Amino acid sequence: MCGSVNQVVMIYLLVFLVWVAFSLAGPKIVVEDAWVRDVPPVARTTAVFMKIRNLGDEEDTLLKVISPVAERAEIHETIAEEGVMKMRPVDRLAIPPGSTVYLRPMGKHIMLMGLKDTLNRVGKVRLVLIFEKSGRIVVEAPVRKADRR
Ligand SMILES: [Cu+2]
């Protein structure tokens, strides 16, 4: 009697462990603290910041960003060139397993170009992040003044 109960427990445990293994397999992307820098109504570009975490055990890559408020979005990095900070577009942004990639002022960011509306009228900006393996992840990023992090 006691032996068969143990067997049932063992089977449940096994099923649970297999489920855990499967649910952790591959990349698992979580986007946190996304925000858009508020800009004057005449501005045609702005930047978006966020944390992109990969809780999985496989790398994923951010390939493309789309937003209805902008004609196009680019992934940018900031580099120091002869003492001058410059930004340049990058094709892809790798998110290694178990890591957090920070998009923040003076660092990597998403550039929204060709803004279609004034941001403080929009209030929140919808972004569609397209990852190589995780597919589309939709983020609602509030518009904030740059001095508020
Ligand atoms: Cu930029």
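User: Is His109 buried or exposed?

Analyst: A residue is called buried if 20 or more other C-beta atoms lie within 10 Å of its own, exposed if 12 or fewer, and partly exposed in between, with C-beta atoms placed from the backbone. His109 counts as buried because 22 C-beta neighbours fall inside 10 Å. Please keep in mind that this is a predicted model, in which local features need pLDDT of at least 70 and side-chain atom pairs count only at pLDDT 80 or more, while totals for chains, interfaces and linings use all residues. Residues are numbered from 1 along each chain as its sequence is written.

User: Where is His109 found, and which residues does His109 touch?

Analyst: Helices (H or I, at least four residues) and strands (E, at least two) are DSSP runs, numbered from the N terminus, and His109 belongs to strand E8, residues 109-115. Two residues are in contact if their C-beta atoms, placed from the backbone, lie within 7 Å; setting aside residues up to four places away in sequence, His109 touches Ala47, Val48, Phe49, His76 and Leu103.

User: How does Val90 read by these criteria?

Analyst: Val90, in strand E5 (residues 84-90), is partly exposed, because 13 other C-beta atoms lie within 10 Å. Apart from neighbours within four places in sequence, Val90 is in contact with Ile75, His76 and Glu77.

User: Which strands pair with E1?

Analyst: Two strands pair if DSSP finds at least two bridges between them. Strand E1 (residues 29-37) runs antiparallel to strand E2 (residues 45-54), with six bridges joining them, and Val31 has Ile52 as its bridge partner in E2. With strand E10 (residues 135-144), E1 pairs in the parallel sense over two bridges, and there the partner of Val36 is Val143.

User: What makes up the largest nonpolar core?

Analyst: In soluble globular proteins, nonpolar side chains tend to be buried together. A nonpolar core is a set of buried Ala, Val, Leu, Ile, Met, Phe, Trp, Tyr and Cys residues joined through C-beta atoms within 7 Å. The largest one here has 26 residues, and those with the most contacts inside it are Val36, Val48, Met50, Ile110, Leu112 and Ala141. Elements giving two or more residues to this core include E1, E2, E8 and E10, and the largest share, five residues, comes from E2.

User: Which residues does Val48 touch?

Analyst: Not counting residues up to four places away in sequence, Val48 touches Ala34, Val36, His109, Ile110, Leu112, Leu127 and Ala141.
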